[in-house]
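Please read them with the structure open.

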Amino acid sequence: KHYYIDMLLTNIKLNCYVIIELKVRKIEPKDYGQVRMYMSYIDSIKEDYQNKSIGIIIGKEHDKYIIEYVDNNSIYTTNYKLRK
């Protein structure tokens, strides 16, 4: 089975890669593992001068978008609303 990162960005100020995983459904526990797997892979090929990668999961729940931040040590959750 093949896995693909939805979006891979570079944060210039933090000097790290940012992995973005997009879901059109509610975020599930397995999604954290998926993003951690991507982060681990990116961290294994990054340059020594770069910081560890950051993971972000964007999902949808009850017609609202939910963003979850995935870190190697902990998980932070935040909600936001889109304005029309």
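1. Strands S2 and S3. Strand S2, residues 16–22, runs parallel to strand S3, residues 54–61, and five bridges join the two. Within this pairing, isoleucine 20 has isoleucine 56 of S3 as its bridge partner. Note that this is a predicted model, and the points below should be read as a description of that prediction.

2. The crossover. Between S2 and S3 the chain passes through helix H1, giving a β-α-β crossover that is right-handed. H1 covers residues 29–45.

3. Strands S3 and S4. S3 also pairs with S4, here in the antiparallel sense and over seven bridges. Isoleucine 58 stands opposite isoleucine 67 of S4. The hairpin formed by S3 and S4 has two residues between the strands, and in that hairpin histidine 62 takes a positive phi near 55°.

4. The largest nonpolar core. Which residues make up the largest nonpolar core? There are 10: Ile19, Ile27, Tyr32, Val35, Tyr38, Met39, Ile42, Ile57, Ile66 and Val70. The elements giving two or more residues to this core are H1 and strand S4, residues 64–70. H1 provides the largest share, five residues. As background, nonpolar side chains tend to be buried together in soluble globular proteins.

5. Leaving out residues up to four places away in sequence, valine 70 touches Tyr32, Val35, Arg36, Met39, Ile54, Gly55 and Ile57.

6. Tyrosine 32. This residue is found in helix H1 and is one of the residues of the largest nonpolar core. Is tyrosine 32 buried or exposed? Its relative accessible area is 16%, so tyrosine 32 counts as buried, the cut-off being under 20%. The C-alpha atoms of tyrosine 32 and glutamate 68 are 9.1 Å apart, although 36 residues separate the two along the chain.

7. Salt bridges at lysine 23. The model has five salt bridges. In one of them glutamate 21 pairs with lysine 23, with the closest N and O atoms 3.1 Å apart; glutamate 21 and lysine 23 are both buried. Aspartate 31 also forms a salt bridge with lysine 23, at 3.7 Å between the closest N and O atoms, and aspartate 31 is buried as well. In general, side chains of opposite charge can pair when their charged atoms come close.

8. Glutamate 28 forms a salt bridge with arginine 25, the closest N and O atoms being 4.0 Å apart. Glutamate 28 is at 32% relative accessibility and therefore counts as partly exposed. Arginine 25, at 28%, is also classed as partly exposed. A network of salt bridges links Glu21, Lys23, Arg25, Glu28, Lys30 and Asp31.

9. Glutamine 34. Another side chain that meets lysine 23 is that of glutamine 34, through a polar contact of 3.1 Å between the two side chains. Glutamine 34 lies in H1. Neighbours within four places in sequence aside, glutamine 34 is in contact with Glu21 and Lys23, and both of these residues belong to the salt-bridge network.

Notes:
Residues are numbered from 1 along each chain as its sequence is written. This is a predicted model: local features need pLDDT of at least 70, side-chain atom pairs count only at pLDDT 80 or more; totals for chains, interfaces and linings use all residues. Side-chain values use heavy atoms; hydrogens and water are left out. Helices (H or I, at least four residues) and strands (E, at least two) are DSSP runs, numbered from the N terminus. A polar contact is a pair of N or O atoms within 3.5 Å; within protein, one must be able to donate a hydrogen and the other to accept it, and residues adjacent in sequence count only if both atoms are side-chain atoms. Contact means heavy atoms within 4.5 Å. A nonpolar core is a set of buried Ala, Val, Leu, Ile, Met, Phe, Trp, Tyr and Cys residues joined through side-chain atoms within 4.5 Å. Buried means under 20% relative accessible area, exposed over 50%, partly exposed in between (1.4 Å probe, protein chains only). Two strands pair if DSSP finds at least two bridges between them. A crossover is right-handed if, with the strands pointing away from the viewer, the path from the first strand over the helix to the second runs clockwise. A salt bridge is a side-chain nitrogen of Lys or Arg within 4 Å of a carboxyl oxygen of Asp or Glu.
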